[in-house]
Amino acid sequence: MAPVLVGVSLKAYFGRRQARVWFAAAAAVLRAHEGVRSGAVEAFVIPTYLQLEDAAGAFAGTRVHLGVQDVSAFESGAYTGEVTAAEVAESGAAYAEVGHAERRRLFGETDADVAAKSAAALRHGLAPLLCLGEDERTDAAGAAAATVAQLGRSLAGAPAGPVVVAYEPVWAIGAPSPAPIDHITTVAGAVRDALAADPARAGSRVIYGGSAGPGLLTALGPAVDGLFLGRFAHDPAAFGDVLDEAYALARGGS
């Protein structure tokens, strides 16, 4: 069984000093966690670009993977302000988050932009963390169809390689509670089927984000491959609680 995947994005909540404090506390939790040490649970952290080196130092000697919150669609060259996939890979990151709802809403990113960034990530050995999900609340079948279509557009022309899809219905981001269990299960299942039908995406995984917190992974069980956390994980102890759930799931719910 593949490891249960639990990730955290810090967005732009922390300054560099505050991030260092969080890294130290989170690293202590992760080093002590049997599920992470054994490899049954895979954890990843996505800080800001400026915090990446600090995170690498704090998590050195652990199994924790790092990622970035965005990546350039361009290769190295005269692209002022861009951070290329080549440089991200050289810096030791494993994941490149692309297509988050905030990037789409605030910066006008389209599925075509996401596809170009996904392709760049895959060319340099990074796993795209594709954030997908419907804008408005709808029935589960409609959400599944829309998300699978978005998946296809977001990987159009991308080279072969595994991806991680973070199903994040936009209407659930920042909401008091996540999407209903049956809704998540239906959409995640459809996305899994679509990925499984594409030999180029062997090894891909589907996780859920969008007001994810304690108890959700236990309720979802093997319907997803893990969770993508936001502000809930600002408390390292709460992050540890979700890691506990992930380990229980990895052991078959024991």
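**Figure 1. Buried residues of helix H8 in a predicted model.** In this predicted model, His183, Ile184, Val187, Ala188, Val191 and Leu195 of H8 are buried. Buried means under 20% relative accessible area, exposed means over 50%, and partly exposed lies in between (1.4 Å probe, protein chains only). Seen down the axis of H8, the buried residues fall within an arc of 115°, so they line one face of the helix. The arc is that of the directions from the helix axis to the C-beta atoms. An α-helix has 3.6 residues a turn, so residues three or four places apart point the same way. On the other side of H8, Asp182, Asp193 and Ala196 are exposed.

**Figure 2. Helix H8 and its neighbours.** H8 has 16 residues. From first C-alpha to last, H8 reaches 22 Å, close to the 22 Å expected at 1.5 Å a residue. The expected span is 1.5 Å times one less than the number of residues. Which elements do the buried residues of H8 pack against? They pack against helix H7 (140–154), strand S6 (164–167), strand S7 (205–209) and H9. Contact here means heavy atoms within 4.5 Å. Helices (H or I, at least four residues) and strands (E, at least two) are DSSP runs, numbered from the N terminus.

Figure 3. Arg192 and Asp225 form a salt bridge, with their closest N and O atoms 2.7 Å apart. The pair links distant parts of the chain, 33 residues apart. Arg192 sits in helix H8 (residues 181–196), while Asp225 sits in the loop between helix H9 (216–220) and strand S8 (226–229). Arg192 is partly exposed, at 27% relative accessible area. A salt bridge is a side-chain nitrogen of Lys or Arg within 4 Å of a carboxyl oxygen of Asp or Glu. Side chains of opposite charge can pair when their charged atoms come close.

**Figure 4. Salt bridges between buried residues.** Arg104 and Asp111 meet through their side chains in a salt bridge (2.7 Å, N to O). Arg104 counts as buried because its relative accessibility is 18%. Asp111 is also buried, with a relative accessible area of 14%. A second salt bridge joins the side chains of Lys117 and Glu109 (2.7 Å, N to O). Are Lys117 and Glu109 buried or exposed? Both are buried. Lys117 and Glu109 also belong to a network of salt bridges with Asp70 and Arg103. The whole structure holds 13 salt bridges.

**Figure 5. Two loop residues with positive phi.** Lys11 is not a glycine, yet its phi is positive, about 45°. Lys11 lies in the loop between strand S1 (4–9) and helix H1 (16–32). Ser211 has a phi near 60°, again positive in a residue other than glycine. Where is Ser211? Ser211 is in the loop between S7 and H9. Ser211 counts as partly exposed, at 23% relative accessibility. Most residues other than glycine have a negative phi.

**Figure 6. The setting of the close-ups.** The protein has 10 helices and eight strands. Buried residues make up 50% of its 254 residues. The C-alpha atoms fill a box of roughly 45 × 40 × 35 Å, taken along the principal axes.

**Notes.** Residues are numbered from 1 along each chain as its sequence is written, and side-chain values use heavy atoms, without hydrogens and water. In this predicted model, local features need pLDDT of at least 70 and side-chain atom pairs count only at pLDDT 80 or more, while totals for chains, interfaces and linings use all residues.
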